[in-house]
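Student: I would like to go through this structure term by term. Please set each value against its definition.

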Amino acid sequence: MAKLHLITYGCQMNEYDSERVAGLLREHRWELTSDETEADLILVNTCAIREKAEDKVFSKLGELRLLKTRRPDLVIGVMGCMAQLHQGTIQRRAPSVDLVFGSPAIARVAELVDRVRRERRPVLETGEGPLVKITARPPAAGRLKAFVTVMEGCEKHCTFCVVPQTRGRERSHPPDVIVDEVSRLAAEGCREVTLLGQTVNAYGRDLTPPTDLGELFARVNDVEGIARIRFTTSNPYNLTPTLIRAMRDVPKVCEYFHLPLQSGSNRVLERMNRGYTRERYLELVAEIRDAVPTMAFSTDLIVGFPGETEADFVETLDMVERVGYDNVFVFRYSQRPGTPAATMPDQVAGDVKAGRNTRLLEAAARTSAERSGRLAGRTVEVLVDGTSKKNTGELSGRTRCNRVVNFDGQGSASVGELAQVRISQVLPHSLRGTLASRPEEAACLSK
Ligand code: SAH
Ligand code: F3S
C-alpha cells in the first residue's frame, strides 16, 4: 500500500475532515503513516482564521519542499480553509505543492490524487460542490470521544471573520444521517460526541422540514452507549428559549456551553456585526443559569479589533468578571483578506494587543480558579478516558463541565466508564478526587 501522512492545523472541524480524508483514501489503498519521510503523499489541512495560522502552514510547506528534493515522486497537497481562500496563490508561493483542494472537494480526494500522479502536473480544485456526509474513517479511529460535523458553513458575516469565505453557505446535514453516524461510533465504543458547526445553534433551519439543535439533541440522546453530548460553536444571536429548554431537559447534554462573546463593548460588537449587545448576552447567561444552575461557560474574545479603545477593552474585562467563565480563549485581532474589518481605520498596534491579551488572560485565570474552587467537596460524574499524566497508577477523566479530574480508581473503575468522584483537591489545571461509588450505578450527581 502507498503511504499517506496527514498534517492538521486549526479547529475540530479540520480534525474531523482529516479523518474523513484518511478513511476515503484508505478505500483506495492509502495507508496512514506518522513518519513524513516515508510518505508518498503528504496532505496539509490548513486554517486561515488568523495570519499566524497561515504563517505556520507556509513554514511547514517550506520544510516539505526539502523533503521533495530528496523524493521527487512525493505528492504534496493543501486542503482546508487556506486552499479555499487563497486558491492558486498557494502554488505560486509554495511551488512544491502539487494539489490544492477546498472542503467541497473532499469527497473526491482519491480521484484528485490519482490525477496528480497520472498527469504529473499541479491540480487546483476549489469550486463549490454539493453537501455530502462522508462517514469513512480510518479503522484505528475507534475511540471514546468523537466529533461529528452536523452543519457546514456560516452566513453571519462578522466583519473580522474569514469563515464565510472559506466554508461557504450554511448547510445542515439531515438528522437521520447524523444519528446513523453517532450510532456507528457508539457501536465502536464511543461514549462522547461533540456536534460541530460554525453556528451550531442555527442547525436545521435550512432543512425540509426544518428542525433544530434541541430536536437533534433528543435524537442523539436516544443512541445507546453514548453517555455525553457536547456541541460547538454557538452564536448568541441564534440562541432560542427552545434550545435552553433542551439543554435543561436532555440528560446527556453536558453542562458546558461555549458562547463566544468577542467583545464586551457595544460599540465594538456593532462594528463586528455580531447582532447582540452586552446586555442581551448577560440576559442570555442569566436565563441559561436559571434553567441549568451548574452551567459552565467558555468564550472567545478578540483584543485589538480596529478602533478598540482602552475603555472598550475595560468593558470586555468587566464581562469576564460578570459572567464568571470556566474557560476563555483570547485572540489578538488579525487582519484577514477580503473582510470588512481589514480595511477599517484605527488598526490597533501589536504591543497594545499584546498588553490587553495578557490582562485578559489574567482576569480569565482568576474567574476560572474561582469556578473550579466551587467543586471542592462535591461529587461529580467523570468519564474516565485514561490514566493520570503524572501518576499512571491513577485514572483520569473529565467532568461534564469539562474539567480534568485525577483519582484512584481502586481497581473498580476503568477507561470508558462513568465514575462518581468526590473532589478533594482543587489544583490550578486539574482536580483530584476519590471514588465515591461504583461506576455507572449512581445517577448523575453533578447536577
Ligand atoms: N463560529 C464561531 C467562530 C469560529 S472562528 C463563532 O460564531 O464565534 C473561532 C474564533 O476565532 C472566533 O470566535 C474569534 O474569536 C476568533 N477569530 C476569528 N477571526 C479572527 C480574526 N480575524 N482575528 C482574531 N481572531 C479571530
Ligand atoms: Fe465567523 Fe461570525 Fe460565522 S465569527 S464563523 S462569521 S458567526
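Tutor: Contact means heavy atoms within 4.5 Å. Axes are lines fitted to C-alpha atoms, for helices over the stretch in contact, and angles between N-to-C directions run from 0 to 180 degrees. Helices (H or I, at least four residues) and strands (E, at least two) are DSSP runs numbered from the N terminus. This is a predicted model, in which local features need pLDDT of at least 70 and side-chain atom pairs pLDDT 80 or more, while totals for chains, interfaces and linings use all residues. Residues are numbered from 1 along each chain as its sequence is written, chains are lettered from A and ligands numbered from 1 in the order in which they are written, and side-chain values use heavy atoms, without hydrogens and water.

Student: What does helix 13 lie across, and at what angle does helix 13 run to strand 14?

Tutor: Helix 13, residues 350–373, lies across strand 13 and strand 14, and its angle to strand 14 is about 175°.

Student: What makes strand 12 and strand 14 edge strands?

Tutor: The open sheet has 3 strands in the order 12-13-14, with parallel pairing. Strand 12 (256–258) and strand 14 (327–332) each pair on one side only. From one strand to the next, the twist averages 15°.

Student: Why is S234 called buried?

Tutor: Buried means under 20% relative accessible area, exposed over 50%, and partly exposed in between, with a 1.4 Å probe and protein chains only. S234 has 2%, so it is buried. S234 sits in the loop between strand 11 (228–232) and helix 9 (241–249). Leaving out residues up to four places away in sequence, S234 touches V200, N201, F257, H258, L259 and P260.

Student: What is the case for C401?

Tutor: Its sulfur is 9.1 Å from the closest cysteine sulfur, in C254, so a bond is ruled out by distance. C401 counts as buried, at 13% relative accessibility. The structure holds 0 disulfides.

Terms used: Two strands pair if DSSP finds at least two bridges between them. A disulfide is a pair of cysteine sulfur atoms within 2.5 Å.
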